[in-house]
Amino acid sequence: MELGQYNQLTLSRMVDFGAYLTDNEGNEVLLPKRYLTGDMAMGKSLQVFVYLDSESRPVATTETPRAVVGDFALMRVKDVNAVGAFLDWGLTAKDLFVPFREQRVRMQAGRSYVVHVYLDAATQRIVASAKLDRFVGRTHAHYYHRQRVNLLVVQRTELGYKVLVENSHWGLIYQNEIYRDVNVGDRLTGYVKQVRPDGKIDLTLEKIEKMRVDDLAGVIISHLQEHGGTMTLTDKSSPDDILAAFNCSKKDFKKALGALYKQHRITLSGDAVSLSRP
């Protein structure tokens, strides 16, 4: 049974204040009564999140936390007291504690910060840290050109946005390459442009040109197949008509047509594009 993680457990016995769930080794944890539903019967397997309550006892919940141990996430500060800050973790009965020593700047109630959730080895408590550099870049950045990656936006900088790549490495999206609204805490899909010698990664939110053109070529073929093998949209058509039909630029459309023509998959005439005959 892992603290701070989702666990697949079996409902083993009912009590007045809830139900006890058991793992494969016979360890038990309480699922409080407020989380029980009518379809929970003895022997049923449940996926629950296991954490420590205010008295440091393991307890289970069917609620979904904003992050599990090992994750990074943007969370809002609910309260600050003499020992640290308490974040809205997404759990009704438990906030996430950030000791002062783990705060990069003094946290303020009502503001949101990107933090890392971890299990403190000394206290065995689940806590969070805003000192992210301690948890990033521990392994070599093995990424390849055009690789699709998951991103978490961490900070806006003069150059653009500092992002966390696959929960493991730092990357940067340059401001002049962003064509949509981006905010700290957003989870995005990006593409690797290059890995620099210092291990940092340059990224783009737009598919790199060859990927866009290859994908578009497949869409054009599907469109032709669904419309009798011919369309009147050509490389002479207006950018607005191309955008409306294929949600792409005229430049990419012309390149996709050119690639398909070279592959002998289509034929081009002045006013039409057709599938090539087998």
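**Notes on salt bridges and a buried leucine**

1. Let's start with Arg57, which is partly exposed at a relative accessible area of 45% (buried means under 20%, exposed over 50%, partly exposed in between, with a 1.4 Å probe and protein chains only). Its salt-bridge partner is Asp53, at 2.9 Å, N to O (a salt bridge being a side-chain nitrogen of Lys or Arg within 4 Å of a carboxyl oxygen of Asp or Glu). Asp53 is buried, at 17%.

2. Before going on: this is a predicted model, where local features need pLDDT of at least 70, side-chain atom pairs count only at pLDDT 80 or more, and totals for chains, interfaces and linings use all residues. Residues are numbered from 1 along each chain as its sequence is written, and side-chain values use heavy atoms, with hydrogens and water left out.

3. The structure has 14 salt bridges. Among them is Asp202 with Arg196, at 3.3 Å, N to O. Asp202 is buried at 5% relative accessibility, while Arg196 is partly exposed at 26%.

4. Glu102 and Arg134 pair up too, with their closest N and O atoms 2.5 Å apart. Glu102 is buried at 6%; Arg134 is partly exposed at 43%.

5. Leu152 sits in strand S11, residues 148-156 (strands are DSSP runs of E, at least two residues, numbered from the N terminus). Leu152 is buried, at 1% relative accessibility. Its contacts (heavy atoms within 4.5 Å), not counting residues up to four places away in sequence, include Phe72, Val114, Leu164 and Arg187. Val184 is 32 residues from Leu152 along the chain, with 7.9 Å between their C-alpha atoms.

Technical notes
Helices (H or I, at least four residues) and strands (E, at least two) are DSSP runs, numbered from the N terminus.
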